[in-house]
Amino acid sequence: MELRQLEYFVAVAEEGGFTRAAERVHISQSGVSAQIRQLERDLGAPLIDRSARTVTLTAAGAAALEHARAALACADAVRKAVDEVNGLVRGRLTVGMVTGCTVTELFDALAAFHRRHPGVEITLVEDNADRLVERVRAGAADLALIGASGAPPEGLRALPIISEPLVAAVPPGHPLAARRAVTLDELAGHPLVCLPEGTGIRTVLDEACAARGLRPGIALQATAPGTVADLAARGLGVAVLSESIAAGYEDSLVALPIEDAGTPAVLALVWRPATGPALHEFVRHAREAFAVPEDRGPAARAR
């Protein structure tokens, strides 16, 4: 039994399939499959049920999963303890970011961290905010930059970057363009262009509408905020964006505060409370890139 076999087994269990597991551990799908079959031979029992389209664990696999995670965590703790004594930062750092992320400060933090610690392999994963949070909680990602509604997720440490209200963005000449602000009731009468479900901005909109018994008419969805703005500028609907994103399109769109949207949209880095040297160092670089002081009060600490 080898640690890499346990790593591959945990990856298949957490990712729900061999293809995504292979992407996560950076080897071929056939390599993952072969190593897990060897692990099953060593243990004398099948761990994964391969009879259906969806990968599921056998009873033996379910019993082994917790111990496999514990073994990997112990091995990682040994490496970290030695590295801390030697003052080294190495290993792998998996960073999640919302699909279509264009936050250049995050890229600056990654670049600065890579220059300082070339021995750390950096992996990027893209997904919606909800799934990124689950990846962080499960240990499949070390930290993630997510959009959220209100406070960052419970149980994770967080570095809030931006907290701002939503706006409705329309092209000049639109019936709402002459208004100073709009309400959710008024927006419900227009086709909307939004980010997908699971993103922070969309969650704020959906929760605010649900609280008022409204069902907004989502005409179009796009994963990149810039695409949402471009579609609205062409008259295909009212864009719902954050204040700062809309400000970047003031030449083509008029931004209107949504008076009763309530909860702000938050952009934050989130990670588990237990941190190793690589993650600790990257958070420090992130604070510098985003110009966030070490102590911003309760919002910047564990939640």
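Predicted model: local features only at pLDDT ≥ 70, side-chain atom pairs only at ≥ 80, totals over all residues.
Helix α9 is followed by Gly235, whose phi is positive, near 80°.

Residues are numbered from 1 along each chain as its sequence is written, and side-chain values use heavy atoms, leaving out hydrogens and water.

Back to α9, which covers residues 225-233. Buried means under 20% relative accessible area, with exposed over 50% and partly exposed in between (1.4 Å probe, protein chains only). By that rule, Pro225, Gly226, Val228, Ala229 and Ala232 are buried in α9. Down the helix axis, these buried residues fall within an arc of 160° (taken from the directions from the axis to the C-beta atoms), so they line one face of α9. They pack against β7, β8, β10 and α10, where contact means heavy atoms within 4.5 Å.

Now for α3. Its 15 residues reach 21 Å from first C-alpha to last, close to the 21 Å expected at 1.5 Å a residue (that is, 1.5 Å times one less than the number of residues). Its buried residues include Val32, Ile36 and Leu39, and among their cover are α1, α2 and β1. Just after α3, Gly44 has a positive phi of about 80°.

The domain bounds come from an automatic or database assignment:

| Domain | Residues |
|---|---|
| domain 1 | residues 1-86 |
| domain 2 | residues 89-163 + 264-290 |
| domain 3 | residues 166-263 |

The C-alpha centres of domain 1 and domain 3 lie 43 Å apart.

Terms used
Helix = DSSP H or I, 4+ residues; strand = E, 2+ residues; numbered from the N terminus.
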